[in-house]
Amino acid sequence: MKSAAELAAEQAAYWKGRGGEGWLASYERIARTVGSFGKAALEAAAPAPGEQVLDIGCGTGGTTAELARAVGPTGHVLGVDISDVLVEAARAERVDNATFVVGDAATHPFKPAGYDLVFSRFGVMFFAEPDMAFRNFQRALKPDGRLVFVCWRTPQENPWGMVPVRAAAAHLPPMPRPGPEDPGQFAFGDRARVERILAAAGFGTPSFAPLDQPIWMGGNVAEVLDNAGRFGPLARAFADATPAQIEKAKEAIAEALKPHESADGVVLPGACWLVRAAAR
Ligand SMILES: C[S@@+](CC[C@H](N)C(=O)[O-])C[C@H]1O[C@@H](n2cnc3c(N)ncnc32)[C@H](O)[C@@H]1O
């Protein structure tokens with residue numbers, strides 16, 4: 001079993017390297033995929049003029065810019081992300097009332113009781129020690145502040161993630177199975193675990209709203225295949241595979257995705273939690 005320090009170093013290396021680069025290269029397509037979940041989270045967060053906001057795991061700063069627009073010139077948003085390559089892209093957007101920091105959000109010394117809202121779109125599932133991270137966010141919030149984030153539910157409820165991975169697995173070197181508490185995109189699928197983490201950090205009782213929406217994966221199967229392996233579990237597996245194994249894996253993915261292709265593109269079900277909690 002890997003130590004927390006090893007898991008954290010693995011995540012940091014991934015997002016600073018192949019994961020961040022793949023996310024950036026595919027961002028236009030990703031934005032279309034995650035946009036509606038982010039919109040629901042932003043509506044629930046209701047950022048108001050003059051508020052101070054933290055955007056955790058802000059990536060290329062798409063939601064940071066939206067938050068900054070909502071809080072206006074008298075408010076401010078701090079986007080934090082561990083990936084230099086993604087923060088560089090976020091800074092290039094030059095949003096007046098937003099600043100960005102490259103760092104580990106779990107340990108970054110945020111101003112205590114300095115924020116009205118801690119927000120994240122799919123940026124909170126990658127902490128090796130989530131109790132420590134969420135304690136850090138709770139300390140950063142004003143006593144009447146709020147936490148709002150969106151995260152994926154279980155892999156079983158997210159065929160967009162599992163259908164390609166299951167199809168490819170037989171042709172690739174064995175993929176490590178993450179432990180139930182290991183960081184990763186589906187690490188917050190278990191609602192009871194998230195409740196435990198938030199309670200331990202001192203947050204008020206959270207609410208969980210299921211968001212079930214179709215995930216657009218690309219215009220057609222060929223386009224999805226072009227992007228396959230850029231990030232997520234397949235990126236790690238493709239990195240260790242031979243070209244012949246990758247080709248076989250892609251053929252299997254194409255076969256598995258064909259039934260989900262239509263004039264609207266390749267679309268599979270997706271399922272998230274919209275989580276809200278008061279700071280105390
Ligand atoms: C799935 S992406 C989401 C990016 C962005 N929120 C969006 O919706 O476009 C996850 C983000 O979390 C960041 N991340 C992972 N671990 C982190 C950590 N310990 N501290 C800060 N950011 C982290 C990654 O670099 C990546 O940008």
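**Stop one: an exposed arginine**

Select arginine 94: it counts as exposed because it has 8 C-beta neighbours inside 10 Å (exposed is 12 or fewer other C-beta atoms within 10 Å of its own, buried is 20 or more, partly exposed is in between, with C-beta atoms placed from the backbone). Arginine 94 sits in the loop between helix H5 (84-92) and strand E3 (98-102). Helices (H or I, at least four residues) and strands (E, at least two) are DSSP runs, numbered from the N terminus. Check the backbone too: arginine 94 is not a glycine, yet its phi is positive, about 50°. Most residues other than glycine have a negative phi.

Before moving on, keep in mind that this is a predicted model: local features need pLDDT of at least 70, side-chain atom pairs count only at pLDDT 80 or more, and totals for chains, interfaces and linings use all residues. Residues are numbered from 1 along each chain as its sequence is written.

**Stop two: alanine 113**

Now pick alanine 113, in the loop between E3 and strand E4 (115-121). Alanine 113 also has a positive phi of about 50° without being a glycine.

**Stop three: around the ligand**

Which residues come nearest to the ligand? Select Trp15, Gly57, Gly59, Ser83 and Phe126, out of 24 residues around it (near means a C-beta atom, placed from the backbone, within 6 Å). Then colour H1, H2, helix H4 (62-71) and strand E2 (76-81): each gives the shell at least two residues.
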